[in-house]
Amino acid sequence: MPATIKIDPLNCDSYDTWKIHMRAILKKNDLWEYVIGKIPKPAQTDPKYEKWIKLDGKAESDILLAVSASELIALDGLDTSKQIWDKFMPPQYHKKLREIGLAVIDELLAILLLYSLHNEELPTTEALKIKIMEKLRG
């Protein structure tokens, strides 16, 4: 009987460790190449199509089963494990900030990650100020 591996579900506080654990699970299950798009989806007429659908579905299931219920709504309508994985990747500006040695505080990173789950682009500073003021006014 295979060993069961359990990781904490993805939430706003666990992204960094979740990503590492999830990558390890997907590699262990020989599914990582599907998630990163190294094995692209073949055409429906391709003999490899059914196998790809099955294995990509396994990768998708591994990811979805490790996401907290509150975050699942952001994944509705995504069709492949790559689309789901890409949805959780932090915006590129965060990676660039780390590369030049600037630290991003955890609270800010959590806000940015949560926002990126529900929107394609970050709001402008002015738009964010307006939203904050609206919330404060109640």
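In this predicted model, Trp18 touches Ile7, Asp8, Pro9, Leu10, Ile63, Ala66, Val67, Trp85 and Phe88, leaving aside residues up to four places away in sequence. Several of these names return in the description of the nonpolar core. The largest such core has 21 residues, and those with the most contacts inside it are Trp18, Met22, Leu26, Ile63, Trp85 and Phe88. Two or more residues of this core come from each of α1 (15–28), α2 (32–35), α3 (49–64) and α5 (81–88). Helix α1 gives the largest share, five residues.

**Aromatic pairs**

Three aromatic pairs are counted in the model. How are the rings of Trp18 and Trp85 arranged? Their planes stand at 25° and their centres are 5.7 Å apart, so the pair is stacked; the cut-off for this class is an angle under 30 degrees. Because Trp18 belongs to helix α1 and Trp85 to helix α5, the pair ties together parts that are 67 residues apart in sequence. Trp18 and Trp85 are both buried.

Trp85 also takes part in an aromatic pair with Trp32, and this one is edge-to-face. Trp32 is buried, as is Trp85. Together, Trp18, Trp32 and Trp85 make up one aromatic cluster. The table sets out the two pairs described here.

| Pair | Distance between centres | Angle between planes | Arrangement |
|---|---|---|---|
| Trp18 and Trp85 | 5.7 Å | 25° | stacked |
| Trp32 and Trp85 | 5.3 Å | 90° | edge-to-face |

**Helix α3**

Helix α3 has 16 residues and spans 22 Å from its first C-alpha to its last, close to the 22 Å expected at 1.5 Å a residue. Which residues of α3 are buried? They are Tyr49, Trp52, Leu55, Asp56, Ala59, Glu60 and Ile63. Viewed down the axis of α3, the buried residues fall within an arc of 145°, so they line one face of the helix. These buried residues pack against α1, α2 and α5. On the other side of α3, Glu50, Lys51 and Lys54 are exposed.

Side chains of opposite charge can pair when their charged atoms come close. The model has one salt bridge by the count used here. It joins Asp86 and Lys82, whose closest N and O atoms are 2.8 Å apart. Both residues, Asp86 and Lys82, lie in helix α5, four residues apart, which is about one turn of the helix. Are these two partners buried, exposed or in between? Asp86 has a relative accessibility of 37% and therefore counts as partly exposed. Lys82, at 31% relative accessibility, likewise counts as partly exposed. The reasoning rests on the limits of the class, since buried means under 20% and exposed over 50%.

**The chain as a whole**

The protein chain contains eight helices and zero strands. Read from the N terminus on, its elements run α-α-α-α-α-α-α-α. The protein chain has 138 residues, of which 30% count as buried. Among contacts in the protein chain with a separation of 6 or more, 56% are between residues 24 or more positions apart.

Notes: Residues numbered from 1 in each chain as written. Predicted model: local features only at pLDDT ≥ 70, side-chain atom pairs only at ≥ 80, totals over all residues. Heavy atoms only, no water. Core = buried A, V, L, I, M, F, W, Y, C linked by side-chain atoms within 4.5 Å. Buried < 20%, exposed > 50% of the residue type's maximum accessible area, 1.4 Å probe, protein only. Contact = heavy atoms within 4.5 Å. Phe/Tyr/Trp six-rings, centres within 6.5 Å; stacked < 30°, edge-to-face > 60°. Expected span 1.5 Å × (residues − 1). Arc of directions from axis to C-beta. Salt bridge = Lys/Arg side-chain N within 4 Å of Asp/Glu carboxyl O.
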